[in-house]
Amino acid sequence: KMRGVKGTFPKSQVPGGVAGAVMNVWLGGKRVRRAAIASQEHAEQHIVLEGLGEGQHVVEVSKGTEPAFGLVAVAGVHLPEGAELLPAATPRPVIEFVGDSDFAGTAATAPVGTYSMSLLSHFMDWSDPDFAAPAFVGESFGVDVHNLGVGGSGLVSPADVYGPTNRASPSAQHYADRIAFNWGVPAGSEQYAVGEMPKVDCVVIWIGQNDIIMGKLVGKKAMDQGIEEYAKLLSEIRRHRPAPLP
């Protein structure tokens, strides 16, 4: 069961004209489905795959759109009669990626040469973190990935460009309680505190170029502010990921 929490993007940018998210379904390492999850207040059951037959199958479900397009909460998993969940595979090293749209996979699958403004009405169709740099790095090195990239933000650029609940990396607010791993979760006991976030083995930071594109790093004063904000980001990450973690 999955529950799509309302996003802040126009409905026209979401399949079916309703706010929500898109999920990728993988079978044996190959993507076999891309399913839309509509925004709603209650959990709704979705059939991920069917007709798999006997034998062991590795099924993975990943969020195929960045957080700015809506939160998806998994409320439970149902298996058909006679099926069972096997023990999880041996954990692999984990790399966490902090960045902007370059990491989030915004328009990653758009046709080559597409004019940027043409992307606005196809963000849900052409954006996919599973086809962004972090995913390819994870595949190349045989590691798992925490992709926390969110498009349109920078160190100095307004981090709440998509609304207050979508404030995120690479600004220092990235690790604030109601963001990142606590995306869309109201203040309370369900949020991660310092030391409780899922463990990682390495953090990769990509500042991106939104600050430059938006003209926020022009002049010495602005550059000094950028340096100050970057120091805040490093400090906030270190608060949750203490040294000697690289």
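This is a predicted model: local features need pLDDT of at least 70, side-chain atom pairs count only at pLDDT 80 or more; totals for chains, interfaces and linings use all residues.
Helices (H or I, at least four residues) and strands (E, at least two) are DSSP runs numbered from the N terminus.

**The sheet around β6**

- The order β7-β6-β8 describes an open sheet of three strands with parallel pairing, where two strands pair if DSSP finds at least two bridges between them.
- Because β7 (144-147) and β8 (202-205) stand at the edges with a single partner strand each, one side of each is left without a neighbour in the sheet.
- Direction ignored, neighbouring strands of this sheet are turned by 25° against each other on average; axes are lines fitted to C-alpha atoms, for helices over the stretch in contact, and angles run from 0 to 180 degrees between N-to-C directions.
- Strand β6 (residues 94-98) is joined to β8 by four bridges, with valine 98 opposite isoleucine 205 and glutamate 96 partnered by valine 203.
- α5 packs on the sheet and touches β6 and β8, its direction making about 165° with that of β8, where contact means heavy atoms within 4.5 Å.
- Four bridges also join β6 to β7, and isoleucine 95 has valine 145 as its bridge partner there.
- From β6, Val94, Glu96 and Val98 point one way, while Ile95 and Phe97 point the other way, and all are buried.

**Backbone features**

- Most residues other than glycine have a negative phi, and most peptide bonds are trans.
- Alanine 107, in the loop between α1 (101-104) and α2 (123-126), has a positive phi near 60°, and at 18% relative accessibility alanine 107 counts as buried.
- The peptide bond joining alanine 243 and proline 244 is cis, with omega about 15°, and proline 244 lies in the segment after α5 (220-240).

**An exposed loop residue**

- Leucine 85 lies in the loop between β5 (71-74) and β6, and counts as exposed at 65% relative accessibility.

How values were computed. Residues are numbered from 1 along each chain as its sequence is written. Side-chain values use heavy atoms; hydrogens and water are left out. Buried means under 20% relative accessible area, exposed over 50%, partly exposed in between (1.4 Å probe, protein chains only).
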